[in-house]
Amino acid sequence: MRKGLCFRLRKILLCVVGLYMAIPFLIKLCPGIQAKLIFLNFVRVPYFIDLKKPQDQGLNHTCNYYLQPEEDVTLGVWHTVPAVWWKNAQGKDQMWYEDALASSHPIILYLHGNAGTRGGDHRVELYKVLSSLGYHVVTFDYRGWGDSVGTPSERGMTYDALHVFDWIKARSGDNPVYIWGHSLGTGVATNLVRRLCERETPPDALILESPFTNIREEAKSHPFSVIYRYFPGFDWFFLDPITSSGIQFANDENAFLPPCSVKHISCSLLILHAEDDPVVPFQLGRKLYNIAAPSRSFRDFKVQFIPFHSDLGYRHKYIYKSPELPRILRFPPLVQGIPGEVGTRAPALSVIRHLKEHEDVSLVPPFLRPARHPGDVPGERTRMPAGQAEEALADLRRPPPVAGSTGFCGQRGGRACGPLSLLLPLNLRSCWEDSDRAFWPSAS
């Protein structure tokens, strides 16, 4: 019996070793496998959602479009209007949403990463946050993702993004348009921005969330590569097939070409990266920033790197949970496009306007909602207790303080802070009184 068990274990071990040795040769002979593993477009999560109905995901101020960049290629697109238009957007058709792009609110074109669809949970939550800050959010599934039709490729994904950008610009007039890429979407974003700069139509800013330097370094650092990282000929077996498939996503080369190059990216850059990111290592985002910061291509533009400490637990895709995100998005190129105010407090004012117009605490964005109990993590989504909500709304309805008084929270006009204003992060509290004058003309 013992001999039979040993024989079985030896047989299993030989099969495992044989499979381990065979996989590199299989990938080398069939580079399409590696491309599939990079795109992961066949992984559609969450499952069983109807992408034609974004309201099912809590986006009841969002419209679903379909665009056709090329023959036999169709893109599914979501357009979320600023949260302050939540009521006006109910029951409106696609034409109304397209016309809305010409309003005074800036626009973010969001380019998602691999796997999933534009309806992914973390992506939807980010749309809500950006919408609450006063932005239009336009996002889409690349060809071959979600309900979009076509075959994935780096060239095709870049062309899809270019087509959607041009579609936005044709309807947005002089409104600022910012490009936000996440993970693999950062590669699409830098490809896109480089092409826009080459034709001298750069976006107003580029935001890269969890970026890498290039796809070879990312593939080598990815957790899936751990068991083969020290395999003899790793580059030849695993990385060269990626290149031979026409996949590069060279963020470092796209955005930060040497000074002698004629064409390079020329717009402001904001990089966001969590230290505990298990998918795209933090050091790759830092390396990208270190390449960009001294580059001459950015000498007339702002470059900023925002790290998120590992204790926060934002990992690869939860930066949207940060209560600091409104402050971070005071990044000067973004602030200039927010209507109603000039300066770095404009996004905060947009949040205040959202709260005051709706007078419904349940609509407060996730990063402003209170914890369930003292000691809970701030920003955890929940509804206020009824009594506290009534006090908060009473505070909202109070008239603004006397003009000319100074201070805040009990100092300005002798007024004490109401519970809703206490929920605001410090960077928003200083905007509370200004928002009275900016958005409550009837009370002045």
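Start with Glu-98. Its relative accessible area is 12%, so it counts as buried. This is a predicted model. Glu-98 forms a salt bridge with Arg-171, and the closest N and O atoms are 2.9 Å apart. Glu-98 belongs to helix H3 (residues 94–100) and Arg-171 to helix H5, so the bridge ties together parts that are 73 residues apart in sequence. Arg-171 is partly exposed, with a relative accessible area of 29%.

A second pair joins two other helices. Asp-240 and Arg-216 form a salt bridge, with their closest N and O atoms 3.1 Å apart. Asp-240 sits in helix H8 (residues 234–244) and Arg-216 in helix H7 (residues 215–221), so this pair links parts 24 residues apart in sequence. Both ends are partly exposed: Asp-240 has a relative accessible area of 29%, and Arg-216 has 28%.

Salt bridges with shared partners also build a network, made of Glu-70, Arg-143, Arg-155 and Asp-160. Within it, the side chains of Arg-143 and Glu-70 meet at 3.0 Å, N to O. Arg-143 lies in the loop between strand E4 (136–140) and helix H5 (154–172), while Glu-70 lies in strand E1 (residues 62–70), so the contact ties together parts 73 residues apart in sequence. Arg-143 is buried, at 4% relative accessible area. Glu-70 is partly exposed, at 23%. The whole structure holds 13 salt bridges.

Now turn to the nonpolar side chains. The largest nonpolar core has 65 residues. Phe-39, Leu-109, Leu-111, Phe-140, Ile-179 and Phe-249 touch the most other members. Domain 1 (1–39 + 221–246) and domain 2 (49–220 + 247–329) both contribute residues, so this core lies between them. Apart from it lies another core, of 30 residues, including Ile-207, Leu-272, Tyr-314 and Tyr-320. Leu-111 shows the packing in detail. Beyond four places in sequence, its contacts include Phe-140, Tyr-142, Ile-179, Trp-180 and Leu-192.

Next, look at residues 12–29. An unreviewed UniProt entry places the feature "transmembrane region" here. In the model the segment is 100% helix and 0% strand, and its end C-alpha atoms are 25 Å apart.

How far does the predictor's confidence reach? The mean pLDDT of the protein chain is 77, and 71% of its residues reach 70 or more. Residues 258–263 stay under 50, and the model gives them 3 contacts beyond four places in sequence. Residues 358–384 are also below 50 in pLDDT. That stretch has 59 contacts beyond near neighbours in sequence.

Definitions and conventions: Residues are numbered from 1 along each chain as its sequence is written. This is a predicted model: local features need pLDDT of at least 70, side-chain atom pairs count only at pLDDT 80 or more; totals for chains, interfaces and linings use all residues. Side-chain values use heavy atoms; hydrogens and water are left out. A nonpolar core is a set of buried Ala, Val, Leu, Ile, Met, Phe, Trp, Tyr and Cys residues joined through side-chain atoms within 4.5 Å. Buried means under 20% relative accessible area, exposed over 50%, partly exposed in between (1.4 Å probe, protein chains only). Domain bounds come from an automatic or database domain assignment. Contact means heavy atoms within 4.5 Å. pLDDT is the predictor's confidence in each residue, from 0 to 100. UniProt positions are given in the numbering used here, feature names are shortened, and annotations may be inferred rather than shown by experiment. Helices (H or I, at least four residues) and strands (E, at least two) are DSSP runs, numbered from the N terminus. A salt bridge is a side-chain nitrogen of Lys or Arg within 4 Å of a carboxyl oxygen of Asp or Glu.
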